[in-house]
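Subject: Structure handover and findings

Hello,

Here is the structure we talked about. Please open it first, then read the notes below.

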Amino acid sequence: MKIMTFTQFVVASLVSMQAFAGLTGAEREAKIKSIFNDVKKMSKGALDQNAYQTALGRSFVMQNGAIMSPPAGTMMTVAFRNAKANELADLDFFVGNRYASNYWELTNKAIGTPAEQAAKAFRFNQAELKVKSEALPLAISMAKHQMLELYYMSKSPTSTLTKSYLQRGVSDANDELKYYRLYAEYLAANIKYENDYLVFVEFQKTSSLLPGKKSISLAGIRQLVANISTKFDTYMTPEKASTFRALRNSIHNGMNKSVLISLGNFQQDNKSVITAEDLVSYESLKSQISAFYKIDKDVLTVLLPSIKNDLPDARALVTRLNQSGNSLNSLLELSNMAMTARQKFYVTKNIDLTHFVIRSQELIDAEMGNLTLTSKSDLAMKAKTLVNMSYATGLMSQARRGEIVAQLDQNPDAATKLLASALGEGITTYEAAFQPALNDWKLVSTSASQFVEDGIRSSTLIGLDSTLTQLKKLAVPTPATPTVNPTSPVTVDAKPTSSTAITPASPVTPVVTVQPSSNSSSVAGQITITAPASNETMSIETQGLNFGYLIFVPKLETEKIVPTLNAHMIPVFESLPLDLGTIAGTITEEAQTPLSHVNMKSKTRVGRSPNLFMANASKDSRLASLIAKKALVRFELKDGVISIREASLTEAQAYWNAISDKQVVIKLRADLTERRIRATKNLGFNDVISIGAKAANYSEGTHILPEAFRPGFAIPFYYYREFIRTNTMEGKTIEQYIIDLVNNPRVKTDKAFLVESLAKVQVRMTDPTLTVNKELVANLKALVTAQYPEQKMRFRSSTNSEDMPQFTGAGLYDSGAYDPKKPKKTIEKALQYVWASVWNLRAFEEREAFKINHLDVSMAMLISPAYQDELANGVGVSRNIIDPKLGPGFYLNIQGGSDAVTNPDATITPDQVLILKKPDLKAGTKYTLIYKKYSSKTKTEPILPYAEVEKIADYLQVLQDHFYTIYHPKKDNPNFALDVEFKVDVSEGTRKVHYKQARPFVGQ
């Protein structure tokens, strides 16, 4: 390992900041992107290991096979920025941020400490540095970049940069704590502006070095995990021991709460290996880390000795908290003390005052969640507490805080307006505080765009926002029930808290009002229904407008009727269909999930395929009469309002023509010259032209998340075309038969003819007597046998007409299977079955609706191992599509075993879980999980443990960040999200999360 001497390091580090002087903004940005990309690929990341003299008893460091001869005794090692990272630092962009290395740079650049002096025991003139206020911009910039770098790594846990960071740094807790405090004390001595104070507080929140518990020693935790790691090295396999050493390194160099989840996962995966003796130590380690992060009054007690002169009343307050519990009054009192701590901090610069503020916020946030507050006075007191903490943490000015508190005392209703303004100001303040570093990180990381939003979600503003919502509800009087004219058409708001809306009547087409509840009362012939708070009987799944004929589809006839539906029909399904072609809209009497097949199909036709869940829709008296005569209706779902009325054919035809005219023609591409069967590890997104988006995206996933995507193979488009060109049907090639069929005018006017003709094509293409390229079959068998001997393989469609940003083609094509243990499950049969699915009815109609040229469609395939021991499966979206007001997150549907999620049996429903990208302080978890529904299999508990849901979410964030840069390199679509499918199965005796698909989400 190459180690720089101190003289070399100092010279390299003190390169003039003018190295890139004169660059334009665009040139600087290009440099940052280029250098960061280089650093991101380095095995050591941004850090090199550099020898540094110290008086501590450390081991010697080797250089070129020999022990370096230190002039001042023994030696320790500290990670400093390497040459590439220093190039970024010269551009005021800092990676490889450590308290020791940042403090070293500050000292040398501010004071100009000579190299020889710097080599003496890593001690600098702190008093001299403190008065060097001209170094403050550099120190503040480093602090901002350190937070943004940690955020980047939390979103990219498997990146080389993250892994290298966790394995380097000052490994002695006392040294790291020392330089953390020296760095923080310099900042404290010089900050003057409110934005700098906010950065200072947020910067310290991210540290694991805040004063913790009297009974818990950080050094003790590190020693314990080191001892366990040493023991594991003696009897675990090198791979398992290495996995735990990575955990050890993360605890030594960057411990945070999420390490508890990782420790739990490792223990679960190796429970049969860990000895009973080591298990005791392991449980002790988890217990100590959990206690270290537990938020209670002990974290305030430990600070009392260092703040007693600044806050002489703090001890009495903490004593009262211990005696009386955390009542609303006591929390308000604590927030007042936190405000005093901020004010005293400006005078004394005691950083433990800001530690008191941070711990007070954590305690208030945790305890507020345990209080049930319903009265206006209680909510006003809660708001006052959170406003105080917003000032104490730097998110609100003193003047704004005073104005709001005065209004809360005098006029709570008027205070809600001030609170709303303050919330907006708080978000703006947070955004401004981290500039320009934030804009710089947005150049190299898509996740950086969410930094402010996630930061706000961990601040007092999130609690203030929910309190404001509660106050607004109490301030708004209950609306009177409107008088409904029985001869007027009515539309009803399906939102639980909204009042009835009345719209003008149409002289010839009466509106049928569909009300979202079963509790009704008759008013002069018109039914008025109160919307249920639970919304269990009705929900708008996809907004839109269309015209169509209402058709009732009984449960027992679903599969028979579905093939007869067309783009001018609105089926009312008694049960959810397993398949669905192109229709004008949908009403289902069974509840849907946002990721159900019906809903996903509707969302691909945004704006023109309204989708409604309405329990017992067919039994509504007026709707039933329209269904009975198969009435042509105007069907609109918009902003919670459901409107259905009869329409004329002239009106409907005009609308259908307008839709067709606006439809953008999707042109397909396919490279038909590529003949190689290649492993996914040798493919990527750029190969989409020859293997289709599904296989290309999967291959891309194997590079960024190899642990989540199983190695597989891809068959290019060439072999599909060869198959239909070399085999015949009714005296012509299959390709020519298809060309003639597509060009036949009857396919657009005669549904029965279309159904029959497509069925004939599929039957012929699956005929076992047809010829399949023998070289293809032989090569596939050899590859699969070598990689996955005796395993069942899945052959999945990867056409050039699916998984596209503007057209997902979800569920259009079929998958096949090859099983070497079953003679009938041949490679030839799997290939033919998947190729034939190009010509099933649902695919044909969906392409027709999107003006896709059927004759341009080509079928490639993705081949991967089947899931032999499937514990759970699911689908997800990398965006909060359920309740965006709660903040950014993911939405998952999860089902146990192999039961389908997108097309489930009517009696089986999945877990529906919203994952918010903010920590659950009460649970001590990285994400906040909100289960909208539990699976019908478990009823009262989740299918998967939290650790696996977190892993699914972590992987999903990595995929989201990576594919965003591919599909939107200019980062011009903040709503971009992925639609994914995943499995949890037992692989090689261990539970693992695997992804099987990732594609752009097409939805609202």
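In which helix do Lys286 and Glu283 both lie, and how many residues apart are they? The helix is α14, residues 276-293, and the two sit three residues apart, about one turn of the helix. Before the rest, one caution: this is a predicted model.

**Overall**

The protein chain has 1004 residues, and 55% of them count as buried. Its secondary structure comprises 38 helices and 29 strands. Take the contacts between residues at least 6 apart in sequence: 68% of these join residues at least 24 apart. The accessible surface is about 41600 Å². Carbon and sulfur atoms account for 52% of that surface.

**Salt bridges**

Side chains of opposite charge can pair when their charged atoms come close. The structure holds 37 salt bridges. Here are some of them.

Back to helix α14, which holds both Lys286 and Glu283. Their side chains meet in a salt bridge, at 3.7 Å from N to O. Lys286 counts as buried because its relative accessibility is 19%, and the cut-off for buried is under 20%. Glu283 is partly exposed, with a relative accessible area of 37%.

Which partner is buried and which is partly exposed? Glu202 is buried, with a relative accessible area of 4%. Lys205 is partly exposed, at 21% relative accessibility.

Next, Asp740 and Lys732. They form a salt bridge too, with 2.7 Å between the closest N and O atoms. Asp740 is partly exposed, with a relative accessible area of 33%. Lys732 is also partly exposed, with a relative accessible area of 29%.

Salt bridges link Glu674, Arg676, Arg678 and Asp687.

**A positive patch**

Which residues form a positive surface patch? They are Arg794, Lys822, Lys824, Lys825 and Lys829. Look at Lys829 in particular. Helix α36 (residues 827-836) contains Lys829. Lys829 counts as exposed because its relative accessibility is 51%, and exposed means over 50%.

**A buried loop residue**

Where does Ile852 lie? Ile852 is in the loop between α37 (841-849) and β23 (859-865). Is Ile852 buried or exposed? Ile852 is buried, with a relative accessible area of 4%. Leaving out residues up to four places away in sequence, Ile852 touches Ile666, Leu668, Phe807 and Arg847.

**Where to look**

- Helix α14, with Lys286 and Glu283.
- The salt-bridge network of Glu674, Arg676, Arg678 and Asp687.
- The loop between α37 and β23, with Ile852.

Best wishes

Notes. Residues numbered from 1 in each chain as written. Predicted model: local features only at pLDDT ≥ 70, side-chain atom pairs only at ≥ 80, totals over all residues. Heavy atoms only, no water. Patch = residues over 30% accessible without salt bridge, like charges linked within 9 Å, V, L, I, M, F, W, Y side chains within 5 Å. Areas by Shrake-Rupley, 256 points an atom, 1.4 Å probe, with all protein chains shown as cover. Salt bridge = Lys/Arg side-chain N within 4 Å of Asp/Glu carboxyl O. Lys, Arg positive; Asp, Glu negative; His and termini not counted. Charge placed at Lys NZ, Arg CZ, Asp CG, Glu CD. Helix = DSSP H or I, 4+ residues; strand = E, 2+ residues; numbered from the N terminus. Buried < 20%, exposed > 50% of the residue type's maximum accessible area, 1.4 Å probe, protein only. Contact = heavy atoms within 4.5 Å.
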